[in-house]
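Dear colleague,

I am handing over the structure below, together with a summary of what was found in it. Please read the summary alongside the coordinates.

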Amino acid sequence: MDRQRHGRLQVAQLTKVFDTQEGPVTAVDAVNLEVEAGEFFSLLGPSGCGKTTTLRMIAGLETATSGSIRFRDRDLASLPPADRNLGMVFQSYALFPHMTVMENAAYGLRVRGSPDAKVKARVLELLETLGLGGLHGRYPSDLSGGQQQRVSIARALAYEPDMFLLDEPLANLDAKLRVQMREEIRRIQKELGVLALYVTHDQEEAMSVSDRIGVFQLGTLMQVGAPEDIYRDPTSLFVADFIGKINFFSAARAAGDGVTVAGGFETAPTRRHALSAREAADYQVQGAGSPHAAVVAVRPEHVTITPADDLQPGTEHASRGVPGRVRRVLFLGSMTRYFVTTDGAMKEVMVESPRPIPHVAEGMAVRLGFDDHDAIAYLADA
Amino acid sequence: MAAGLPARGVGAAGPDGGLPRRSRDLTPWLVGAITVLVLFVFLLYPIAKTMLSSFVPQGEALSLRNLSLSNFERFWTSPLYKSALRNSLVVSLTTTLIATLLALPAAYALARIRIPFKNLLLSLSVIPLIAPPFIGAYSWVLLLGRNGIFTHYLNDWFGITLPSIFGPFGIILALSLSYFPFVFLIVQGALAAADPFIEESAAIMGASRWRTLRTITFPLVAPSIASGAMIVFIRALGNVGVPSVLGSDYYVLPTLILFQVEGFFNLNGAAAIAFVNVLLVLTFLLVVRRLTGKRRFVTLTGTTQRSRMATSLGARIFGNVYVWGLMALALLPQAMVVFSSFAERWAGTMLPTQFGLGNYQLILGRVLQPIINSVWLSALAMLMALAFGTITAYVSLRKRFKGKWLIDLTIMLPFVLPGIVTGVAYLTTFNSGPIVLTGTAALLVFGYFVRRLAYAFRSVSASIGQVDPQLEEASTICGARWARTIRTVTLPLIAPGMLAGGILVFSTLIGELSVTIMLFSGTTKTVSIAIFEYLTSHRIAPASAMGSIVILITLALVFAASKLLGKSMADLFR
């Protein structure tokens, strides 16, 4: 493999402002990003968060308003997109409808003036690898969605690009094929060792294929990290909420490291982050604006349920837990899910348990608890 | 694995770096600038200059100090001007009304009644649009004139005495039957595309068929009716050929322009008449827009469900008789042209007494040069219209820049300008000043080009609209430069649209009269001028023979285009 192709991508203060009829709109706001050679990196976020615009700026299909994009310590801004040597897979696949599978996949090599025999051998080999052997004479309209997807991958990789860019490549496939294709994309990427940038709005997809993920919200890169790190330690309410499921409890700062969840439950989460004023407003946090405002976040699998009857009044246990009432129990096979209404949680609390919890049924008064090391605190004045 | 590939990408300059290649491709901007320049020189400038000249008294130089309203005074002092203005309004409004009223029942019948050979009918309806109306106009003299074939029957059997075919009756008859397909095709298309469930849901709620038609169907297609009617009005107001052939001393604005130019070479006076002509068009456009509003109803659905068809026998018989009868009537002039082209002796009798190819032999020596002229002038103009139409369509759809609306507006301008106005504008502008082209073939080619640029622009725009911009981006990312992407991706995909546009431009230019009559010279006499001269000197036999040739050529071209594109002939004109 060609060692020269390995390089890291550095994006600094990248900003894109669109001029619209309603005035300028900042689609991407001062994004900083470093992606290592050979890394599979996902840009994740809801639609309109700027992830695709970021990708298109790296590809050169959009011009950045400000900021820099460097690859292998060279500025990309001065290179027209055609000269950046990138491979890209589009959401619509963008296969050339008037060319055969062979001609589509060979396009980049032909543009580079490779000799015909070499092009043919290389493309046939690649098509074989992608499970498209024997289809080289077909036209895109004769192929299934999954096959079209593979052709578009072949076209993007045939000329060994320096970066592999994918813009929501699986959005048009059915659920089963999506799982299969994402595994395949990762396998090929790792085989070639090419740096991949993958845009998706599907957090499960991002978690399953990526080495690292960058989570976007409203043009801002909120957090970058390995899937486990982002899941375990989201640094903002948005990321906590967007990645997996989570419960938010309204809380207030107490003495020392302590945080008191509404309802009187005392906790001292080991992971602590700042609660920004914007998020406090977005999530309608109780007491937003006060320096004592706080939110405690706990994943559903980390919340415990104890029937309230088991606790003796007046004992120390009585204060251990958030009082609530079970509204709904869903037996889902691999787990059981409980929905509990409480005074303290900002929404209904979701609890997931690998097996049904004995003696807990719908309508029952319960207490919810969790360990300090499973909770994340977001503190207004931290 | 990458051995043998030319170096590309970031590492291409070598491991030590060095300055990156900075190759900002200026071609798109250059092309855009040329397009703007061409549009300015050959469209905006002539029209602006003509409008200005209309305020300069004949014989005086164009300057701001000489501006006066003297050319317009005639519209309230001269009886000829006053009547021409009134006649123009009468002819174009009546034609628009009759054409629309003829077209609507036919369009509705096609959408709601089983009609055998429906596609044939749709293709036939294109013929009146392709064949220049003035060629068929004289047929009405042969059919309904003083010694016309039908005149006797109508008089003897029904006791009907028709008004003279020379005058408003003949002009309106000929124009209405030539132009109703504009409304027919547009409305029929809209009805065919309308979601049948909308009508069905009205029916389910208890609305009668008539109520559904009045409250649901009609409002849905009202914008289509309006745009069809606008085309008819603009065409009728600008048509110079039919009132020249059938007008006699009944003048309308276009024939008055012709009279001023041919009789007195009064260009500034002609410009003033053209100005009034344009004002009428704009007024009509504004009124129609006001009436129908900006509403557009898009009811396209993916359903293959067909609309409820009327099954009653009465409705089916009536519908079939109506549409086929209308079509027969509309094609009668064309058929008559072909028929009389074979008539060798036809004098004093109702029908010819001898048939043969004599007329074709007669014109043989004289027809070739005009046809050759028409073909190469039209072909050159077509190539230019295609080239510029494609570039402007591409720029307008793919690039974002300020002032784009101006280009879009400019290019559609000839759509609302009567051809004779373009003719006057060219005559005025290129007769003196920085560019003098009077009497040259170039003048005609540019006139044709500007006149049909919008056709090419529209067909190509539609094709480009079908091409996903991501295809071009994908090509770019694969390493293709601008020119290569256009050549290998965009052009092959829009080629069918370009071909259709080209044939449409070419076939409608072969018989073009209103621009030609202003701009032709002895060396650039076209087939339309030859026919026109025969017709206005009442030499019907050679006119019919040449007319038949023109009708045949254009029909064959449009047929070939529809076969080549796999589209129906009707779709080419919708």
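Chain B holds 24 helices and two strands, where helices (H or I, at least four residues) and strands (E, at least two) are DSSP runs numbered from the N terminus. This is a predicted model, in which local features need pLDDT of at least 70 and side-chain atom pairs count only at pLDDT 80 or more, whereas totals for chains, interfaces and linings use all residues. Residues are numbered from 1 along each chain as its sequence is written, and chains are lettered from A and ligands numbered from 1 in the order in which they are written.

Of the 574 residues in chain B, 45% are buried, a residue being buried if 20 or more other C-beta atoms, placed from the backbone, lie within 10 Å of its own. Among the contacts in chain B with a separation of 6 or more, 79% are between residues 24 or more positions apart; a contact requires C-beta atoms, placed from the backbone, within 7 Å.

The largest nonpolar core has 154 residues, and Val183(B), Ile257(B), Ala274(B), Ala385(B) and Val424(B) touch the most other members; such a core is a set of buried Ala, Val, Leu, Ile, Met, Phe, Trp, Tyr and Cys residues joined through C-beta atoms within 7 Å. Helix H8 (residues 168-193) of chain B contributes the largest share of this core, 15 residues. Leaving aside residues up to four places away in sequence, Val424(B) touches Thr50(B), Ile257(B), Ala270(B), Ala271(B), Ala274(B) and Met518(B). A second, separate core of 116 residues includes Phe71(A), Val101(A), Val111(A) and Phe249(A).

Phe71(A) also has Arg74(A) in S5(A) as its bridge partner, and two bridges join strand S4 (residues 66-71) of chain A to S5(A), the two running antiparallel. These strands belong to an open, antiparallel sheet of four in chain A, ordered S2-S1-S4-S5, with pairing defined as at least two bridges found by DSSP between two strands. Strand S2 (23-35) and strand S5 (74-75) of chain A stand at the edges with a single partner strand each, so one side of each has no neighbour in the sheet.

In helix H4 (residues 145-157) of chain A, 10 of the 13 residues are buried, so H4(A) is largely enclosed by the rest of the structure. What covers these buried residues includes helix H2 (101-111), helix H3 (116-129) and helix H5 (175-192) of chain A.

Best regards

Technical notes:
Buried ≥ 20, exposed ≤ 12 C-beta atoms within 10 Å, placed from the backbone. Contact = placed C-beta atoms within 7 Å.
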